[in-house]
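Please look over the model shown below before reading on.

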Amino acid sequence: MTITGNIIDLHQRRIFHGRITVENGHISQVEEIPGFSSQYLLPGFVDAHVHVESSMLVPSEFARMAVVHGTVATVSDPHEIANVLGEQGIRFMLENAGKVPFKFFFGAPSCVPATQFETAGATLDAAAVERLLQDPRIRYLSEMMNYPGVLFENEEVMKKIASARQLGKPVDGHAPGLSGEAARRYFSAGISTDHECFSYREGLEKAQLGVNILIREGSAAKNFDELITLLDFFPDQVMFCSDDKHPDDLLEGHIDQLVARALARGCELFDVLRAACLHPVRHYGLPVGLLQEGDPADYIVTNDLVNFTIQQTWIDGKLVAENGSSLIQPVDCQLVNNFSTSEKQPKDFEIEAPADFQKPMIRVIRALDGQIVTESFLAPAKRNENFIIADPERDILKFTVVNRYRNTAPAIAFIQNFNLKNGAIASSVGHDSHNILAVGTDDHLLCQAVNWLISHQGGIFAVSGAGEERVLPLPVAGLMTTEDGWTVAHQYKALDAFVKSELGCTLTAPFMTLSFMALLVIPELKLSDKGLFDGKRFEFVNLIV
(Lines give C-alpha, C1' and ligand atoms only; values in the text may rest on other atoms or scores of the structure.)
Protein backbone atom coordinates (compact mmCIF):
# COMPACT_ATOMS: atom_id res chain seq x y z
CA MET A 1 0.00 0.00 0.00
CA THR A 2 1.20 3.51 -0.80
CA ILE A 3 -0.08 6.93 0.21
CA THR A 4 0.99 10.28 -1.20
CA GLY A 5 0.84 13.70 0.41
CA ASN A 6 2.77 16.50 2.06
CA ILE A 7 4.84 14.65 4.67
CA ILE A 8 5.52 16.47 7.93
CA ASP A 9 8.96 15.33 9.07
CA LEU A 10 9.23 16.13 12.78
CA HIS A 11 12.85 14.97 12.99
CA GLN A 12 14.18 17.27 10.26
CA ARG A 13 11.53 19.94 10.92
CA ARG A 14 10.44 20.17 7.30
CA ILE A 15 7.48 19.47 5.03
CA PHE A 16 7.99 17.81 1.67
CA HIS A 17 5.81 16.14 -0.94
CA GLY A 18 6.35 12.42 -0.81
CA ARG A 19 5.12 8.87 -0.99
CA ILE A 20 4.97 6.38 1.86
CA THR A 21 4.97 2.65 1.22
CA VAL A 22 3.48 0.39 3.89
CA GLU A 23 4.17 -3.34 4.08
CA ASN A 24 2.99 -5.66 6.85
CA GLY A 25 1.96 -2.77 9.07
CA HIS A 26 5.33 -0.98 8.85
CA ILE A 27 6.71 1.81 6.70
CA SER A 28 9.10 0.24 4.22
CA GLN A 29 9.93 3.38 2.26
CA VAL A 30 9.59 7.16 2.45
CA GLU A 31 10.29 8.91 -0.86
CA GLU A 32 10.43 12.59 -1.69
CA ILE A 33 8.74 13.16 -5.07
CA PRO A 34 7.82 16.24 -7.10
CA GLY A 35 4.39 17.78 -6.67
CA PHE A 36 2.07 19.15 -4.05
CA SER A 37 -1.00 17.74 -2.35
CA SER A 38 -3.94 19.16 -0.43
CA GLN A 39 -3.44 16.55 2.29
CA TYR A 40 -0.75 16.33 4.97
CA LEU A 41 0.63 13.15 6.52
CA LEU A 42 2.03 13.32 10.04
CA PRO A 43 2.60 11.06 13.06
CA GLY A 44 -0.44 10.35 15.21
CA PHE A 45 -1.06 12.18 18.47
CA VAL A 46 -0.06 10.70 21.83
CA ASP A 47 -1.73 11.62 25.13
CA ALA A 48 1.30 11.78 27.44
CA HIS A 49 -0.66 11.16 30.63
CA VAL A 50 -4.25 9.98 31.04
CA HIS A 51 -6.38 7.95 33.40
CA VAL A 52 -8.62 6.14 30.93
CA GLU A 53 -11.01 5.33 33.77
CA SER A 54 -11.93 9.01 34.09
CA SER A 55 -13.59 8.87 30.68
CA MET A 56 -16.02 6.41 32.32
CA LEU A 57 -15.30 4.17 29.33
CA VAL A 58 -13.41 0.89 29.28
CA PRO A 59 -10.18 1.15 27.23
CA SER A 60 -11.69 -0.39 24.11
CA GLU A 61 -14.44 2.26 24.00
CA PHE A 62 -12.00 5.06 24.83
CA ALA A 63 -9.92 3.94 21.85
CA ARG A 64 -12.93 3.97 19.52
CA MET A 65 -13.55 7.63 20.35
CA ALA A 66 -9.94 8.83 20.57
CA VAL A 67 -8.90 7.68 17.09
CA VAL A 68 -11.49 9.96 15.53
CA HIS A 69 -9.39 12.88 16.80
CA GLY A 70 -6.07 11.51 15.51
CA THR A 71 -4.88 9.92 18.75
CA VAL A 72 -2.99 6.68 18.16
CA ALA A 73 -1.56 6.06 21.64
CA THR A 74 -1.83 6.96 25.30
CA VAL A 75 0.53 6.84 28.24
CA SER A 76 -2.09 5.48 30.61
CA ASP A 77 -1.92 5.36 34.40
CA PRO A 78 -4.34 2.67 35.73
CA HIS A 79 -4.07 4.20 39.18
CA GLU A 80 -7.85 4.60 39.53
CA ILE A 81 -8.89 1.00 39.01
CA ALA A 82 -5.82 -0.16 40.94
CA ASN A 83 -7.10 1.69 44.00
CA VAL A 84 -10.34 -0.28 43.68
CA LEU A 85 -9.14 -3.72 42.63
CA GLY A 86 -5.34 -3.77 42.78
CA GLU A 87 -3.50 -6.00 40.32
CA GLN A 88 -6.79 -7.55 39.19
CA GLY A 89 -7.90 -4.12 37.95
CA ILE A 90 -4.66 -3.56 36.05
CA ARG A 91 -4.97 -6.97 34.40
CA PHE A 92 -8.52 -6.03 33.37
CA MET A 93 -7.24 -2.86 31.68
CA LEU A 94 -4.44 -4.72 29.88
CA GLU A 95 -6.80 -7.45 28.67
CA ASN A 96 -9.51 -5.13 27.41
CA ALA A 97 -7.02 -2.72 25.80
CA GLY A 98 -5.40 -5.60 23.96
CA LYS A 99 -8.59 -6.36 22.06
CA VAL A 100 -8.52 -3.22 19.89
CA PRO A 101 -6.04 -1.74 17.37
CA PHE A 102 -4.91 1.15 19.57
CA LYS A 103 -1.65 1.62 21.47
CA PHE A 104 -2.23 1.78 25.22
CA PHE A 105 0.95 1.97 27.30
CA PHE A 106 0.18 1.38 30.96
CA GLY A 107 2.28 2.23 33.99
CA ALA A 108 2.68 0.57 37.37
CA PRO A 109 0.74 2.69 39.89
CA SER A 110 3.16 3.96 42.53
CA CYS A 111 0.70 5.08 45.19
CA VAL A 112 -2.00 2.53 46.02
CA PRO A 113 -3.43 3.61 48.34
CA ALA A 114 -2.52 7.20 47.57
CA THR A 115 -2.16 8.05 51.25
CA GLN A 116 -2.59 6.41 54.64
CA PHE A 117 -5.37 8.91 55.40
CA GLU A 118 -8.09 7.19 53.34
CA THR A 119 -9.49 3.72 52.72
CA ALA A 120 -8.83 2.18 49.33
CA GLY A 121 -9.85 -1.20 47.99
CA ALA A 122 -6.32 -2.52 47.50
CA THR A 123 -2.63 -2.07 48.30
CA LEU A 124 0.33 -2.28 45.93
CA ASP A 125 3.53 -2.55 47.94
CA ALA A 126 7.06 -2.32 46.54
CA ALA A 127 7.11 -6.04 45.72
CA ALA A 128 3.85 -5.78 43.74
CA VAL A 129 5.11 -2.71 41.88
CA GLU A 130 8.37 -4.48 40.97
CA ARG A 131 6.37 -7.46 39.74
CA LEU A 132 4.27 -5.17 37.53
CA LEU A 133 7.32 -3.34 36.18
CA GLN A 134 8.83 -6.64 35.06
CA ASP A 135 5.85 -7.11 32.73
CA PRO A 136 6.95 -5.79 29.29
CA ARG A 137 3.48 -4.30 28.82
CA ILE A 138 4.11 -1.97 31.78
CA ARG A 139 6.24 0.86 30.43
CA TYR A 140 6.91 3.16 33.39
CA LEU A 141 6.31 3.92 37.07
CA SER A 142 3.17 6.03 37.32
CA GLU A 143 2.97 9.42 39.00
CA MET A 144 4.75 9.49 42.34
CA MET A 145 2.17 11.45 44.32
CA ASN A 146 3.78 10.74 47.66
CA TYR A 147 6.29 13.56 47.40
CA PRO A 148 6.76 13.69 51.21
CA GLY A 149 7.79 10.03 50.95
CA VAL A 150 10.40 10.95 48.37
CA LEU A 151 11.70 13.92 50.37
CA PHE A 152 11.98 11.86 53.56
CA GLU A 153 13.29 8.82 51.66
CA ASN A 154 10.52 6.47 52.75
CA GLU A 155 11.78 2.90 52.28
CA GLU A 156 8.77 1.64 50.28
CA VAL A 157 8.72 4.72 48.05
CA MET A 158 12.43 4.55 47.29
CA LYS A 159 12.21 0.81 46.52
CA LYS A 160 9.53 1.50 43.90
CA ILE A 161 11.62 4.20 42.25
CA ALA A 162 14.72 2.01 42.38
CA SER A 163 12.89 -0.87 40.69
CA ALA A 164 11.87 1.36 37.80
CA ARG A 165 15.33 2.81 37.37
CA GLN A 166 17.00 -0.61 37.47
CA LEU A 167 14.68 -1.76 34.69
CA GLY A 168 15.33 1.40 32.67
CA LYS A 169 11.74 2.59 32.91
CA PRO A 170 10.82 6.28 33.44
CA VAL A 171 9.31 7.57 36.66
CA ASP A 172 6.44 10.07 36.40
CA GLY A 173 6.11 12.94 38.84
CA HIS A 174 3.24 14.57 40.69
CA ALA A 175 4.36 17.53 42.78
CA PRO A 176 1.81 20.36 42.81
CA GLY A 177 3.25 23.56 44.22
CA LEU A 178 6.60 22.02 45.12
CA SER A 179 9.44 24.51 44.69
CA GLY A 180 12.94 25.44 45.78
CA GLU A 181 15.17 22.88 47.42
CA ALA A 182 12.25 20.49 47.97
CA ALA A 183 11.55 20.39 44.23
CA ARG A 184 15.24 19.88 43.43
CA ARG A 185 15.45 16.93 45.85
CA TYR A 186 12.20 15.40 44.59
CA PHE A 187 13.21 15.38 40.93
CA SER A 188 16.83 14.41 41.65
CA ALA A 189 15.44 11.08 42.91
CA GLY A 190 15.04 10.09 39.26
CA ILE A 191 11.59 11.56 38.60
CA SER A 192 11.43 13.06 35.13
CA THR A 193 7.98 14.58 34.49
CA ASP A 194 5.28 16.68 36.12
CA HIS A 195 1.73 17.31 34.94
CA GLU A 196 0.62 19.20 38.06
CA CYS A 197 1.99 22.72 37.43
CA PHE A 198 -0.72 25.29 38.10
CA SER A 199 1.19 28.45 37.20
CA TYR A 200 3.78 29.57 34.69
CA ARG A 201 6.20 30.37 37.50
CA GLU A 202 5.94 26.84 38.87
CA GLY A 203 6.35 25.31 35.43
CA LEU A 204 9.33 27.55 34.68
CA GLU A 205 11.14 26.57 37.86
CA LYS A 206 10.62 22.86 37.20
CA ALA A 207 11.59 23.17 33.54
CA GLN A 208 14.81 24.87 34.60
CA LEU A 209 15.53 21.76 36.69
CA GLY A 210 15.30 19.72 33.49
CA VAL A 211 11.82 18.32 34.21
CA ASN A 212 9.56 17.43 31.29
CA ILE A 213 6.43 19.54 31.67
CA LEU A 214 3.16 17.92 30.63
CA ILE A 215 0.67 20.64 29.76
CA ARG A 216 -2.70 19.38 30.93
CA GLU A 217 -6.14 20.27 29.69
CA GLY A 218 -8.75 17.93 31.13
CA SER A 219 -12.42 18.24 31.99
CA ALA A 220 -11.77 19.85 35.38
CA ALA A 221 -8.07 20.73 35.55
CA LYS A 222 -7.21 23.21 32.81
CA ASN A 223 -3.62 24.49 32.79
CA PHE A 224 -3.04 25.15 29.08
CA ASP A 225 -3.39 28.93 29.20
CA GLU A 226 -1.03 29.25 32.18
CA LEU A 227 1.68 26.98 30.79
CA ILE A 228 1.70 27.15 27.00
CA THR A 229 4.36 29.91 26.93
CA LEU A 230 6.80 27.28 28.24
CA LEU A 231 6.70 25.71 24.79
CA ASP A 232 8.45 28.80 23.38
CA PHE A 233 11.37 28.56 25.79
CA PHE A 234 11.61 24.81 26.48
CA PRO A 235 10.35 23.25 23.24
CA ASP A 236 12.11 19.93 23.87
CA GLN A 237 10.67 19.50 27.40
CA VAL A 238 6.95 19.90 26.74
CA MET A 239 4.26 17.30 26.06
CA PHE A 240 0.46 17.50 25.95
CA CYS A 241 -1.90 15.46 28.10
CA SER A 242 -5.54 15.31 29.19
CA ASP A 243 -5.09 13.50 32.55
CA ASP A 244 -8.84 13.19 33.22
CA LYS A 245 -11.39 13.65 30.45
CA HIS A 246 -15.12 12.95 30.63
CA PRO A 247 -16.90 11.31 27.68
CA ASP A 248 -18.75 14.43 26.54
CA ASP A 249 -15.44 16.27 26.23
CA LEU A 250 -13.83 13.31 24.44
CA LEU A 251 -16.71 13.49 22.00
CA GLU A 252 -15.56 16.99 21.03
CA GLY A 253 -11.82 16.46 20.86
CA HIS A 254 -8.61 15.25 22.42
CA ILE A 255 -4.95 16.20 21.84
CA ASP A 256 -5.98 17.71 18.50
CA GLN A 257 -7.66 20.52 20.43
CA LEU A 258 -4.43 21.43 22.21
CA VAL A 259 -2.55 21.41 18.93
CA ALA A 260 -5.06 23.81 17.35
CA ARG A 261 -5.04 26.10 20.39
CA ALA A 262 -1.25 26.23 20.53
CA LEU A 263 -1.05 27.14 16.87
CA ALA A 264 -3.75 29.79 17.27
CA ARG A 265 -1.70 31.30 20.06
CA GLY A 266 1.26 31.61 17.69
CA CYS A 267 3.43 28.67 18.74
CA GLU A 268 5.74 27.30 16.05
CA LEU A 269 4.25 24.38 14.08
CA PHE A 270 7.06 21.90 14.62
CA ASP A 271 7.37 22.70 18.33
CA VAL A 272 3.65 22.00 18.73
CA LEU A 273 3.63 18.76 16.78
CA ARG A 274 6.77 17.45 18.45
CA ALA A 275 5.09 18.03 21.83
CA ALA A 276 1.96 16.20 20.63
CA CYS A 277 3.65 13.32 18.82
CA LEU A 278 7.42 12.95 19.11
CA HIS A 279 8.32 13.74 22.72
CA PRO A 280 6.10 11.13 24.44
CA VAL A 281 7.38 8.44 22.08
CA ARG A 282 11.00 9.32 22.79
CA HIS A 283 10.66 9.86 26.53
CA TYR A 284 8.79 6.62 27.25
CA GLY A 285 10.47 4.59 24.50
CA LEU A 286 7.17 3.72 22.87
CA PRO A 287 6.85 1.50 19.77
CA VAL A 288 4.80 4.15 18.01
CA GLY A 289 5.59 5.18 14.46
CA LEU A 290 6.93 8.63 13.59
CA LEU A 291 6.84 8.36 9.78
CA GLN A 292 10.37 6.96 9.51
CA GLU A 293 11.39 3.93 7.48
CA GLY A 294 11.03 0.81 9.62
CA ASP A 295 8.47 2.43 11.93
CA PRO A 296 5.01 1.04 12.56
CA ALA A 297 2.60 2.73 10.16
CA ASP A 298 0.94 4.98 12.76
CA TYR A 299 -0.07 8.27 11.19
CA ILE A 300 -2.89 10.69 10.52
CA VAL A 301 -4.11 12.50 7.44
CA THR A 302 -5.45 16.06 7.45
CA ASN A 303 -5.96 18.87 4.97
CA ASP A 304 -6.12 21.46 7.73
CA LEU A 305 -3.05 22.78 9.55
CA VAL A 306 -5.12 25.33 11.46
CA ASN A 307 -7.87 23.38 13.24
CA PHE A 308 -6.37 19.97 12.52
CA THR A 309 -9.60 18.33 11.43
CA ILE A 310 -8.63 14.67 11.03
CA GLN A 311 -9.55 12.90 7.80
CA GLN A 312 -7.98 9.54 8.56
CA THR A 313 -6.17 7.77 11.40
CA TRP A 314 -3.97 4.75 10.72
CA ILE A 315 -2.46 2.38 13.33
CA ASP A 316 -0.06 -0.39 12.26
CA GLY A 317 -1.12 0.20 8.67
CA LYS A 318 -4.81 -0.30 9.47
CA LEU A 319 -7.36 2.45 8.86
CA VAL A 320 -9.09 2.96 12.25
CA ALA A 321 -10.97 6.24 11.70
CA GLU A 322 -12.18 8.20 8.72
CA ASN A 323 -14.02 11.52 8.41
CA GLY A 324 -15.28 11.58 11.98
CA SER A 325 -16.27 7.91 12.21
CA SER A 326 -14.44 5.23 14.15
CA LEU A 327 -13.78 1.96 12.32
CA ILE A 328 -12.84 0.08 15.50
CA GLN A 329 -15.54 -2.40 16.40
CA PRO A 330 -16.92 -2.81 19.95
CA VAL A 331 -15.67 -5.78 21.95
CA ASP A 332 -17.18 -7.86 24.73
CA CYS A 333 -16.18 -6.90 28.24
CA GLN A 334 -16.45 -8.59 31.62
CA LEU A 335 -17.60 -6.82 34.79
CA VAL A 336 -15.30 -6.45 37.79
CA ASN A 337 -16.17 -4.50 40.93
CA ASN A 338 -15.61 -3.97 44.65
CA PHE A 339 -18.55 -2.64 46.72
CA SER A 340 -19.09 -3.82 50.31
CA THR A 341 -21.12 -1.27 52.25
CA SER A 342 -24.77 -1.14 53.26
CA GLU A 343 -27.34 1.55 52.59
CA LYS A 344 -27.47 4.54 54.93
CA GLN A 345 -30.14 6.49 56.82
CA PRO A 346 -30.60 10.30 56.74
CA LYS A 347 -29.59 10.47 60.40
CA ASP A 348 -26.17 9.09 59.41
CA PHE A 349 -25.47 12.46 57.79
CA GLU A 350 -26.46 14.62 60.75
CA ILE A 351 -23.87 16.80 62.49
CA GLU A 352 -24.64 17.57 66.09
CA ALA A 353 -23.69 21.07 67.23
CA PRO A 354 -21.48 21.07 70.34
CA ALA A 355 -23.40 22.22 73.40
CA ASP A 356 -20.67 24.67 74.38
CA PHE A 357 -20.75 26.47 71.01
CA GLN A 358 -23.48 29.10 70.75
CA LYS A 359 -22.28 30.23 67.32
CA PRO A 360 -20.00 27.49 66.01
CA MET A 361 -17.66 28.18 63.09
CA ILE A 362 -17.03 25.51 60.49
CA ARG A 363 -14.24 24.91 58.02
CA VAL A 364 -15.56 25.03 54.46
CA ILE A 365 -13.96 23.64 51.31
CA ARG A 366 -14.14 26.10 48.42
CA ALA A 367 -14.11 24.25 45.09
CA LEU A 368 -12.50 26.17 42.21
CA ASP A 369 -13.87 25.94 38.70
CA GLY A 370 -11.32 24.52 36.28
CA GLN A 371 -8.93 23.45 39.04
CA ILE A 372 -8.42 20.44 41.30
CA VAL A 373 -6.86 22.54 44.05
CA THR A 374 -9.27 24.00 46.60
CA GLU A 375 -9.32 26.83 49.09
CA SER A 376 -10.39 26.80 52.74
CA PHE A 377 -12.28 29.33 54.83
CA LEU A 378 -14.22 29.62 58.07
CA ALA A 379 -17.92 30.42 58.15
CA PRO A 380 -20.62 30.64 60.85
CA ALA A 381 -22.56 27.39 60.93
CA LYS A 382 -26.28 27.31 60.19
CA ARG A 383 -28.18 25.49 62.94
CA ASN A 384 -31.49 23.73 63.10
CA GLU A 385 -32.08 23.10 66.80
CA ASN A 386 -29.14 20.90 67.85
CA PHE A 387 -27.80 20.17 64.39
CA ILE A 388 -25.56 21.97 61.87
CA ILE A 389 -27.18 21.90 58.46
CA ALA A 390 -26.49 22.95 54.88
CA ASP A 391 -27.14 26.56 53.94
CA PRO A 392 -27.98 26.80 50.21
CA GLU A 393 -28.60 30.56 50.48
CA ARG A 394 -24.91 31.04 51.25
CA ASP A 395 -23.96 28.16 48.94
CA ILE A 396 -22.56 26.18 51.86
CA LEU A 397 -23.68 22.64 51.13
CA LYS A 398 -23.20 19.38 52.96
CA PHE A 399 -20.51 17.13 51.50
CA THR A 400 -19.97 13.49 52.38
CA VAL A 401 -17.48 10.74 51.61
CA VAL A 402 -18.82 7.24 52.30
CA ASN A 403 -16.46 4.29 52.51
CA ARG A 404 -17.58 1.82 49.85
CA TYR A 405 -15.26 -1.01 50.90
CA ARG A 406 -16.56 -1.53 54.43
CA ASN A 407 -19.56 -0.47 56.47
CA THR A 408 -18.50 2.62 58.44
CA ALA A 409 -20.04 5.98 59.35
CA PRO A 410 -19.95 8.63 56.61
CA ALA A 411 -17.43 11.46 56.86
CA ILE A 412 -19.14 14.86 56.68
CA ALA A 413 -17.94 18.34 55.72
CA PHE A 414 -19.22 21.48 53.98
CA ILE A 415 -18.39 22.80 50.53
CA GLN A 416 -18.97 25.95 48.48
CA ASN A 417 -19.24 26.78 44.76
CA PHE A 418 -21.48 23.91 43.67
CA ASN A 419 -24.46 26.27 43.99
CA LEU A 420 -27.10 23.55 44.18
CA LYS A 421 -30.44 25.16 45.06
CA ASN A 422 -32.45 22.08 46.00
CA GLY A 423 -31.04 18.66 45.26
CA ALA A 424 -28.02 16.38 45.48
CA ILE A 425 -25.39 14.81 43.24
CA ALA A 426 -23.24 11.76 43.93
CA SER A 427 -20.51 9.73 42.28
CA SER A 428 -18.48 6.58 42.92
CA VAL A 429 -15.62 8.23 41.01
CA GLY A 430 -13.71 9.84 43.86
CA HIS A 431 -9.96 10.22 43.38
CA ASP A 432 -7.98 8.43 44.53
CA SER A 433 -9.66 5.73 46.61
CA HIS A 434 -12.99 5.99 44.80
CA ASN A 435 -15.27 5.95 47.76
CA ILE A 436 -18.72 7.50 47.35
CA LEU A 437 -18.78 11.32 47.13
CA ALA A 438 -21.99 13.33 47.40
CA VAL A 439 -23.03 16.98 47.78
CA GLY A 440 -26.56 17.98 48.76
CA THR A 441 -28.82 20.65 50.13
CA ASP A 442 -30.29 18.44 52.89
CA ASP A 443 -29.68 15.10 54.57
CA HIS A 444 -32.58 13.24 52.94
CA LEU A 445 -31.49 14.09 49.41
CA LEU A 446 -27.87 13.36 50.29
CA CYS A 447 -28.87 9.96 51.63
CA GLN A 448 -31.00 9.20 48.57
CA ALA A 449 -28.05 9.94 46.28
CA VAL A 450 -25.63 7.81 48.29
CA ASN A 451 -28.03 4.86 48.50
CA TRP A 452 -28.63 4.79 44.75
CA LEU A 453 -24.90 4.32 44.21
CA ILE A 454 -24.71 1.59 46.85
CA SER A 455 -27.68 -0.33 45.46
CA HIS A 456 -26.38 -0.08 41.87
CA GLN A 457 -22.73 -0.75 42.76
CA GLY A 458 -21.49 2.51 41.31
CA GLY A 459 -22.31 5.31 38.92
CA ILE A 460 -23.15 8.99 38.91
CA PHE A 461 -26.48 10.28 40.13
CA ALA A 462 -28.45 13.51 40.48
CA VAL A 463 -31.80 14.18 42.15
CA SER A 464 -33.85 17.36 42.41
CA GLY A 465 -35.86 18.46 45.42
CA ALA A 466 -38.96 17.51 43.42
CA GLY A 467 -37.70 13.93 43.19
CA GLU A 468 -36.61 13.94 39.53
CA GLU A 469 -33.58 11.71 38.98
CA ARG A 470 -30.84 11.36 36.36
CA VAL A 471 -28.44 8.41 36.45
CA LEU A 472 -25.48 6.85 34.66
CA PRO A 473 -24.56 3.37 35.99
CA LEU A 474 -20.84 2.49 36.11
CA PRO A 475 -20.77 -1.26 36.77
CA VAL A 476 -17.05 -1.75 36.00
CA ALA A 477 -15.28 -1.04 39.30
CA GLY A 478 -17.78 1.76 39.93
CA LEU A 479 -15.67 3.76 37.44
CA MET A 480 -16.59 2.68 33.92
CA THR A 481 -19.37 1.37 31.73
CA THR A 482 -19.20 -1.13 28.89
CA GLU A 483 -21.72 0.82 26.82
CA ASP A 484 -21.01 2.49 23.47
CA GLY A 485 -18.86 5.59 24.00
CA TRP A 486 -21.05 7.94 21.98
CA THR A 487 -24.17 6.80 23.84
CA VAL A 488 -22.42 7.33 27.17
CA ALA A 489 -21.23 10.77 26.07
CA HIS A 490 -24.78 11.88 25.26
CA GLN A 491 -26.15 10.37 28.49
CA TYR A 492 -23.50 12.17 30.49
CA LYS A 493 -24.13 15.42 28.64
CA ALA A 494 -27.84 15.20 29.49
CA LEU A 495 -27.07 14.48 33.15
CA ASP A 496 -24.61 17.37 33.27
CA ALA A 497 -27.21 19.70 31.75
CA PHE A 498 -29.78 18.58 34.32
CA VAL A 499 -27.44 19.38 37.20
CA LYS A 500 -26.84 22.85 35.81
CA SER A 501 -30.33 23.78 34.62
CA GLU A 502 -32.49 22.08 37.24
CA LEU A 503 -30.25 22.03 40.31
CA GLY A 504 -28.47 25.33 39.62
CA CYS A 505 -24.85 24.15 39.61
CA THR A 506 -22.50 26.76 38.11
CA LEU A 507 -19.37 24.62 37.74
CA THR A 508 -18.14 23.83 34.24
CA ALA A 509 -17.72 20.12 35.06
CA PRO A 510 -19.66 19.35 38.27
CA PHE A 511 -18.95 15.63 38.46
CA MET A 512 -15.30 15.92 37.50
CA THR A 513 -14.85 18.64 40.12
CA LEU A 514 -16.68 16.49 42.69
CA SER A 515 -14.37 13.57 41.93
CA PHE A 516 -11.34 15.59 43.05
CA MET A 517 -12.76 16.78 46.36
CA ALA A 518 -11.36 13.68 48.08
CA LEU A 519 -7.94 13.95 46.42
CA LEU A 520 -5.88 14.50 49.54
CA VAL A 521 -2.51 14.95 47.81
CA ILE A 522 -3.76 18.16 46.16
CA PRO A 523 -4.13 21.11 48.57
CA GLU A 524 -5.75 22.83 50.27
CA LEU A 525 -8.72 21.27 52.09
CA LYS A 526 -10.24 17.91 51.12
CA LEU A 527 -12.40 15.19 52.65
CA SER A 528 -11.60 11.48 52.90
CA ASP A 529 -13.73 8.71 54.35
CA LYS A 530 -11.71 9.22 57.54
CA GLY A 531 -12.27 12.96 57.93
CA LEU A 532 -11.41 16.51 56.88
CA PHE A 533 -7.83 16.80 55.64
CA ASP A 534 -5.48 19.77 55.29
CA GLY A 535 -3.33 19.07 52.22
CA LYS A 536 -0.74 21.69 53.11
CA ARG A 537 -0.14 20.47 56.66
CA PHE A 538 -0.80 16.85 55.57
CA GLU A 539 -2.96 16.11 58.59
CA PHE A 540 -6.58 15.85 59.67
CA VAL A 541 -8.30 18.96 61.00
CA ASN A 542 -11.53 19.58 62.91
CA LEU A 543 -14.68 20.55 61.05
CA ILE A 544 -15.95 22.72 63.92
CA VAL A 545 -13.63 25.37 65.35
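Which residue follows α13, and what is the value of its phi? In this predicted model, the residue that follows α13 is Gly 285, and its phi is positive, near 65°.

The helix itself, α13, runs over residues 269-284 and has 16 residues, reaching 23 Å from its first C-alpha to its last, which is close to the 22 Å expected at 1.5 Å a residue. Its course includes a bend of about 50° at Ala 275. At the start of α13, a side-chain oxygen of Glu 268 comes to within 2.9 Å of the backbone nitrogen of Phe 270. The helix is mostly covered, since 14 of the 16 residues of α13 are buried.

Turning to the aromatic residues, the count comes to 14 aromatic pairs. In one of them, the ring centres of Phe 117 and Phe 538 are 5.8 Å apart and the planes stand at 80°, so this pair is edge-to-face. Because Phe 117 lies in the loop between β7 (103-108) and α4 (126-133), while Phe 538 lies in the loop between β29 (531-534) and β30 (539-540), the pair ties together parts that are 421 residues apart in sequence. The accessibility of each partner is listed here.

| Residue | Relative accessibility | Class |
|---|---|---|
| Phe 117 | 15% | buried |
| Phe 538 | 23% | partly exposed |

Elsewhere among the aromatic residues, Phe 62, Phe 102, Phe 104 and Phe 106 form one aromatic cluster.

Conventions
Residues numbered from 1 in each chain as written. Predicted model: local features only at pLDDT ≥ 70, side-chain atom pairs only at ≥ 80, totals over all residues. Heavy atoms only, no water. Phe/Tyr/Trp six-rings, centres within 6.5 Å; stacked < 30°, edge-to-face > 60°. Helix = DSSP H or I, 4+ residues; strand = E, 2+ residues; numbered from the N terminus. Buried < 20%, exposed > 50% of the residue type's maximum accessible area, 1.4 Å probe, protein only. Expected span 1.5 Å × (residues − 1). Bend = angle between axes of the 7 residues up to and from the residue. Polar contact = N/O pair within 3.5 Å; in protein donor to acceptor, adjacent residues only side chain to side chain.
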